[in-house]
Amino acid sequence: MIRLAHFSDLHYGTKNLIEADRCFGAAIDRAIALGVEAAVLSGDATDHGLDLHAPAAERLFAQVRRLADHCPVLMLQGTFSHEPPGTLAIFRLLGGRHPVHVAERIEQVALIAEGKWLASTDWCFDRLPAGARALFSCAPTVNKAAVAAAVGAADAAQAVGENLACLLRGYAPTHRAARRQGMPAIGVSHGTVFGCVSEHGVPMAGFDHEFTTGALFAAEAQAFMLGHIHRHQSWAAEGAAGGQCIAYAGSIGRFHYGEEGEKGFLLWEVDADQARCMLEATPARRTVDIVFDGKPDLEALRATVAQLDVAGVFVRVRWTVADEDRHEVRPGGDRAATGWGGGDQAGGANCPRGAHAGGWDLATGESGGQGAGMGAGDRGAGRTVARLPARAVQPGTGSHCRGCAAEAGRSGVRGSRRDPYHPVFAAA
Ligand SMILES: [Mn+2]
């Protein structure tokens, strides 16, 4: 049996740095304490291309180096828009006590004696390295543009799926051979499984996804470690290939308002004939909803904010305003009827910066569907819903957070100085 830590979707970047680093740091501490023998990072270590002098780059290097001082590390190329090709090359040079292997192409990698990585020269080994501790079959993000150039844009997504299914079947014989030798076989990839559920609770249906669970199980690996979808989820099967488990670790932290489920990394225990994984939670930021049935009461809002301990938390304030009162909220605009930010992504996107100055983050953008669900109460971990009674509010009172007012002035978005129900002034 081999014990592995599986981290994914760290999304180190300017905006995510605090969340990513707190969570990844805690995850590494825990993985070291658990005595993992190797670590896998299954793509999207960065959120976007990082300059070398960016604080996010320095923190990510420092953390991966810390991990590599504990155990061998395997890093897989993720989505190109998050992790531009070539981003990971520098991690090979970290010089920790154990090596970092970067999988940027389709290949197999064996963890051999003294914790060294040995990669296949072709897409798979002709012969398995004798006595290897574990075998990893790596399918990093496929460049759909390259596939589109070959088969045409309309057929590219399906062609990627078909080719990956073919590749996965092609790995089955080596995984069977590994099983016969008592060697754990592990697949690592980055993409969408048909029918998986996103971090916002949306099932990913459609025929343009990289994998089906059937295609992944057909590889006959015991474990399949996936990245890309930010919500942890897993699938298990028992059959001729023994016990198999496919799992997304999910993102290391909560990077967007309303992401459901616990965040963390996966502790895997993989044998030659079975595998299991457990989510080890990270201290990801919470999501708090403050819901008014009617107009918001700013005194109640202040009191609730003080009580809920909202430092560093995603807070959404939502209320319903009766149709006859809508003129008090904001002159014109249909969205005023459901309260500031109801379904307005622009308001949500702009306000957190302003609100941050007040000591807490505020994200109000939410789709109508999710908003409707929210009213039903608490859904999933890390989410608190406070329901408050409405009291009369005098429009036009209160002050506003400077950041939001400035933003509003620049972009003309909601949350302007004229909006009497601007929720940010509860934090001022
Ligand atoms: Mn990602």
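**View 1. Strands E2 and E3 pair side by side in this predicted model.** Strand E2 covers residues 38-41, and strand E3 covers residues 73-76. Their pairing is parallel. It runs over 3 bridges. Look for Ala39: opposite it stands Val73 in E3.

**View 2. Helix H2 packs on the sheet.** H2 touches E2, E3 and E4. The direction of H2 makes about 140° with that of E3.

**View 3. E2 and E3 belong to an open sheet of 6 strands.** Read the order as E4-E3-E2-E1-E12-E13. The pairing in this sheet is mixed. Strand E4 (100-103) sits at one edge and strand E13 (275-281) at the other. Each edge strand pairs on one side only. On average, neighbouring strands are turned by 20° against each other, direction ignored.

**View 4. Helix H1 packs against helix H2.** H1 spans residues 17-33, and H2 spans residues 55-68. Their axes lie 10 Å apart, at an angle of about 5°. H1 is therefore roughly parallel to H2, since angles under 35 degrees count as roughly parallel.

**View 5. Residues of H1 meet residues of H2.** From H1 come Leu17, Asp21, Phe24, Gly25 and Ile28. From H2 come Pro55, Ala56, Arg59, Gln63, Arg66 and Leu67. What kinds of residues make up this contact? There are 6 nonpolar, 2 polar and 3 charged.

**View 6. The whole chain holds 10 helices and 17 strands.** The chain has 428 residues, and 46% of them count as buried. Take the contacts with a separation of 6 or more: 71% join residues 24 or more positions apart.

Methods:
Residues are numbered from 1 along each chain as its sequence is written. This is a predicted model: local features need pLDDT of at least 70, side-chain atom pairs count only at pLDDT 80 or more; totals for chains, interfaces and linings use all residues. Axes are lines fitted to C-alpha atoms, for helices over the stretch in contact, and angles run from 0 to 180 degrees between N-to-C directions. Helices (H or I, at least four residues) and strands (E, at least two) are DSSP runs, numbered from the N terminus. Angles under 35 degrees count as roughly parallel, over 145 as roughly antiparallel, 65 to 115 as roughly perpendicular and the rest as oblique. Two residues are in contact if their C-beta atoms, placed from the backbone, lie within 7 Å. Ala, Val, Leu, Ile, Met, Phe, Trp, Tyr, Cys and Pro count as nonpolar, Asp, Glu, Lys and Arg as charged, and the others, Gly among them, as polar. A residue is buried if 20 or more other C-beta atoms lie within 10 Å of its own, exposed if 12 or fewer, and partly exposed in between; C-beta atoms are placed from the backbone. Two strands pair if DSSP finds at least two bridges between them.
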